[in-house]
Amino acid sequence: MIFDVDSETLPREELQALQLRRLQVTVERCYETVRFYREAMDELEIKPRHIQSLEDVKLLPYTKKEQLRDNYPFGMFAVPTDQVIRVHASSGTSGKPIVVGYTRRDIFHWSHLVARSLSAAGLRPGDRLHNAYGYGLFTGGLGLHYGAETLGVMAVPMSSGQTQRQIMLLSDFEATALSCTPSYALNIAEEAESLGIDLRKLPLRVGLFGAEPWSDEMRYELESRLHIDALDIYGLTEMMGPGVGIECLEGKHGLHLWEDHFLIECVDVDTGEPLPYGEQGEIAITSLTKEAFPLLRFRTRDISVLDAAPCKCGRTHVRMRRVSGRSDDMLIIRGVNVFPTQVEAILMRTETLSPFYQIEVAREGFMDSMVINVEASPPLYAKGQEFMDRVSAKVQKDLKDFIGVSCRVQIHPTGTIERSMGKAVRVIDHRKTASNK
Ligand code: DLL
């Protein structure tokens, strides 16, 4: 069953005609009501009437995160604040966050798109969603919550933390779906195992994991430890929050991005030139229905590939390959580009290692160095140092062969790497801290 069958299976020509109408309205709204856009478009000598086809999106200015930050807190709002019924904010670790606003209609659309996403993941009225995304300014908690209610699913507003209590309630309330970051799901699985609770015996059927990059190897790990289908859900505060796209249960390969509400481009990270389907680049998104916080060509910094091939589920919306990482999280180690998810995939193919890891990067003299700290599985640790040395040598070789970078792999006892409650910190880059001093 498809929740919103007319919109989700719209033939592409009709979908594009709808996108164009909505793009024209959005551009008009931005130009008339947001000073930043009026100035940016005037500078390019572009008026709303110049947008006559979807191709014309290329005429519009990009929007970058820094520009949103410069307009803190409400400078990018396209409606008077008395029409804004909710705000959220990005989790910026330093400086001011990016604040986004929603009108009543925005909240309606967001709830609807999350309901659509949950439905694509196989949820139906009668299901119970244990929602362990954080509630608050972060969009994960309330975003999933409203979507569940809209679909008619019971929402359990757990938020993150208190892992033992989460496990008790997951089991007592007989949740059929779990939503949280993949790293927190792993934390829950590990804690349950240490308490002797077998989560695989619960009615839990599906996991909605996102808000951070993760690998297919992590998917297999979570699927086998929790006995569920683990699906990838994508979104970002600037566009509304979770529910911009999701993998469907049938395809489980690429995330459908809801193109009736978002115009998706993939662009060259350096030049900003639009790229054809199938090429890897940065995802840029234009909102098509948002009232309070419309954005034109927002540069997400997320690196992926778009795929327009039809999906066996029948949905016609373009699919985005699992995000490999953010352009600003990409490590450049002695000239080689490395995403933490690539390292994750190799660590997780090594059975004797546990899936908890952190990457440390530093500069030694003129050379970058990368150390991968990873935990041993208890049986590996019990085998002693010599055996662990052999495993780390093997992983070092795999990393060199598959990613092309030499690094040191340090294996630690179980439980020594920090567990995540939300978005995991995968990289500690001492080069950045050193240059900030
Ligand atoms: O993380 C919204 C969200 C909540 C998405 C719950 C999914 C589930 P932000 O905190 O603004 O919003 O972070 C957005 O997180 O640009 C990506 O870099 C990353 N991200 C989000 N989903 C995924 C995913 C929420 N499925 C930023 N895979 C985005 C990889 C993801 N990265």
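On a 1 Å grid over the protein atoms alone, a cavity is a set of points where a 1.4 Å probe fits but cannot get out, whereas a pocket is an open set with protein on both sides within 12 Å along at least five of seven lines; lining residues have an atom within 4 Å of a point. Grid points are joined across faces, edges and corners, and a volume is the space filled by probe spheres set on the points. This is a predicted model, in which local features need pLDDT of at least 70 and side-chain atom pairs count only at pLDDT 80 or more, while totals for chains, interfaces and linings use all residues. Residues are numbered from 1 along each chain as its sequence is written, and side-chain values use heavy atoms, with hydrogens and water left out.

Q: What is the volume of the largest cavity?
A: Rolling a probe the size of a water molecule over the atoms shows where empty space is left. The structure holds two cavities of 30 Å³ or more. The largest cavity has a volume of about 90 Å³.

Q: Which helix gives the most to the lining of the largest cavity?
A: The lining residues divide into seven nonpolar, four polar and two charged (Ala, Val, Leu, Ile, Met, Phe, Trp, Tyr, Cys and Pro count as nonpolar, Asp, Glu, Lys and Arg as charged, and the others, Gly among them, as polar). Helices (H or I, at least four residues) and strands (E, at least two) are DSSP runs, numbered from the N terminus. With four residues, the element that gives the most to this lining is helix α5 (residues 104-120).

Q: Which element gives the most to the lining of the second largest pocket?
A: The second largest pocket has a volume of about 490 Å³. Of the 26 residues that line this pocket, the closest to its centre are Arg 321, Arg 322, Ser 324, Thr 341 and Gln 342. Two or more residues each come from α9 (216-226), β12 (298-307) and α10 (340-348). With four residues, the element that gives the most is α10.

Q: Is Arg 225 buried or exposed?
A: Arg 225 forms a salt bridge (a side-chain nitrogen of Lys or Arg within 4 Å of a carboxyl oxygen of Asp or Glu) with Glu 221, the closest N and O atoms being 2.8 Å apart. Both residues lie in helix α9, four residues apart, about one turn of the helix. Buried means under 20% relative accessible area, exposed over 50%, and partly exposed in between (1.4 Å probe, protein chains only). Because its relative accessibility is 18%, Arg 225 counts as buried.

Q: How many residues apart in sequence are the parts that Arg 12 and Glu 259 tie together?
A: Arg 12 forms a salt bridge with Glu 259, and their closest N and O atoms are 2.9 Å apart. Arg 12 lies in helix α2 (residues 12-33) and Glu 259 in the loop between β9 (255-257) and β10 (262-267), so the parts tied together are separated in sequence by 247 residues.

Q: Which strand holds Glu 282, the salt-bridge partner of Arg 299?
A: The closest N and O atoms of Arg 299 and Glu 282 are 3.0 Å apart. Arg 299 is buried because its relative accessibility is 8%, and Glu 282 is buried with a relative accessible area of 3%. Arg 299 lies in strand β12, so the pair ties together parts 17 residues apart in sequence, with Glu 282 in strand β11 (residues 280-287).

Q: What is the separation of the C-alpha atoms of Pro 61 and Met 41?
A: Pro 61 is found in the loop between α3 (35-44) and α4. Pro 61 is buried, because its relative accessible area is 9%. Pro 61 and Met 41 are 20 residues apart along the chain, and their C-alpha atoms are separated by 6.7 Å.
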